[in-house]
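Student: Please take a close look at the helix packing in this model. I would like one connected account, pair by pair.

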Amino acid sequence: SKSVTLILITYVLLIIEGALRKWALEPIHKSLFFIRDPFVALSLFLCFRHRLIEMTPLVIITLAMSVCFLFLGGYHIIAYNLNPVTVAYGWRNYFYYLLFALVMAAVMRRADVDRLIRWSLIIAVPMGVLAFIQWRSPTNAWVNYQLGGGDAFLVTAGVVRTTGTFTFTAGFVCFIGATLACLAAAAFTRGVPKWLVALGAAGAATCLATSGARMAFMHAGVTGLLAFACEAVRPLARQRLVVHAGVVCMTVGLIGGLMIFYPQAIDQMAERSHIASQHEDSGKRFFWSFFSGFTVGEESGLFGLGLGAGTGGGSVAATGQQVFTMAEDEFPRVVLETGLIFGLGFMALRYVLSGWMLWQSIRCMRARQDAVPLLLCSFCIPLLLIGQITMQGTVNGYGFIFTGLTLAALNTSSEFGEQS
């Protein structure tokens, strides 16, 4: 359908947008940041015009909250003289792609879910080649050029943190996490050929090894553990022996490949993790991120300091400079921007949605041996819980697009039984 085509175009643009902005068309990079938005708008229009979306409680609550946030933004414009562009940008980050996720859930069939997974694995192959070239190149090489001409982020002295086609490391980390989730899901479905799984695994392993990002390895760990858990609870029938062996071989191959072909990268990652652990307690920060939003209520008040004012893009519209005037972590920044009432409500929506998707994915696994929704959850749920979805454009796109993909996989789980 047209809506599915628009979804696939939006997904591809999410991946190549950064390359256009930093290498091909840098003079108009600010405009290119919104290159996906017209396709999202058209898909929303088609879906609501043809009444393809069912008015479920999730859809009703999301639509109601999105309207309430429009009124909240209007209040911020009048009361604080906030730039309307900042408010519009803030509303986009909160709800535009969340509504797009609901459209994905409504229009995608299981064959479409498999198609997006296939595309992810295909793209992983050239992305792995690019990441390897970036890793082996000096910091001032063309492939390591940073948008705006800034210095590249380093893993250790002289070794860059690769960014692939993205303008920032966070985007590349999302690409790796999403690809690994798709790779694991592909091992549990017949909709993806196994030769493509092998190629995608090679590309994903290269991206992971050269990324120098602890969060990328965290995504790999979560997805890997869930893949083994899914495989452990499946009945060990004779017709599944090939799949069981395939999952084990793929995992061993990934780990072995990293150790054999990228020992230097692994050593560099270990060195960076050791240095970072001396300056911060990652575990403490992780758990604190779920409660830190409650500590800023006195500063934010009931209605917040300004929708979108705490983001880089919003600050550009408001002040002409990219400055981050609020909290770095997601939960407290959302509360500071939108206040206790709306901020806590929005985060509650994300938490409840995460819990509901996880529960439904487990039910699909138990009832139909369909592991695809659960493995897609391994990537999108961490982003919904603690990811900087309302702050960073690529994280926003990946978080909500893969939420939509997971919802679509849940809605079409009955088709998995027919497929198998």
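Tutor: This is a predicted model. Start with helix α15 (residues 330-368) and helix α16 (residues 372-386). They pack at an angle of about 165°, and their axes lie 9 Å apart. Angles over 145 degrees count as roughly antiparallel, so α15 is roughly antiparallel to α16. The crossing of α15 past α16 is left-handed. On the α15 side, the contact is made by E330, M347, R350, Y351, L353, S354, M357, L358, S361 and I362. On the α16 side, P373, L374, C377, C380, I381, L383, L384, L385 and I386 make the contact. By class, the residues of this α15 and α16 contact comprise 15 nonpolar, 2 polar and 2 charged.

Next, helix α1 (residues 2-24). Look at its own geometry before its partner. α1 has 23 residues, yet its end C-alpha atoms are only 28 Å apart. A straight helix would reach 33 Å at 1.5 Å a residue, and α1 falls short of that. α1 also has a kink of about 45°, centred on I16.

Now its packing against helix α5 (residues 84-107). The axes of α1 and α5 come within 10 Å and cross at roughly 130°. α1 and α5 are therefore oblique to each other. Their crossing is left-handed. From α1, the contact residues are S3, V4, I7 and T10. From α5, they are Y97, F100, M104 and V107. The contact of α1 with α5 divides into 6 nonpolar and 2 polar residues, with no charged.

Last, helix α6 (residues 110-136) and helix α8 (residues 194-211). These pack at an angle of about 35°, with axes 7 Å apart. The crossing of α6 and α8 is left-handed. α6 makes the contact through R118, L121, I122, A124, V125, M127, G128, A131, F132 and W135. α8 supplies L196, V197, L199, G200, G203, A204, T206, C207 and T210. The contact of α6 with α8 has 13 nonpolar, 5 polar and 1 charged residues.

Technical notes: Residues numbered from 1 in each chain as written. Predicted model: local features only at pLDDT ≥ 70, side-chain atom pairs only at ≥ 80, totals over all residues. Heavy atoms only, no water. Axes fitted to C-alpha atoms, helices over the stretch in contact; angles between N-to-C directions. Helix = DSSP H or I, 4+ residues; strand = E, 2+ residues; numbered from the N terminus. Parallel < 35°, antiparallel > 145°, perpendicular 65-115°, else oblique. Left-handed = near helix turned anticlockwise from the far one by under 90°. Contact = heavy atoms within 4.5 Å. Nonpolar A, V, L, I, M, F, W, Y, C, P; charged D, E, K, R; others polar. Expected span 1.5 Å × (residues − 1). Bend = angle between axes of the 7 residues up to and from the residue.
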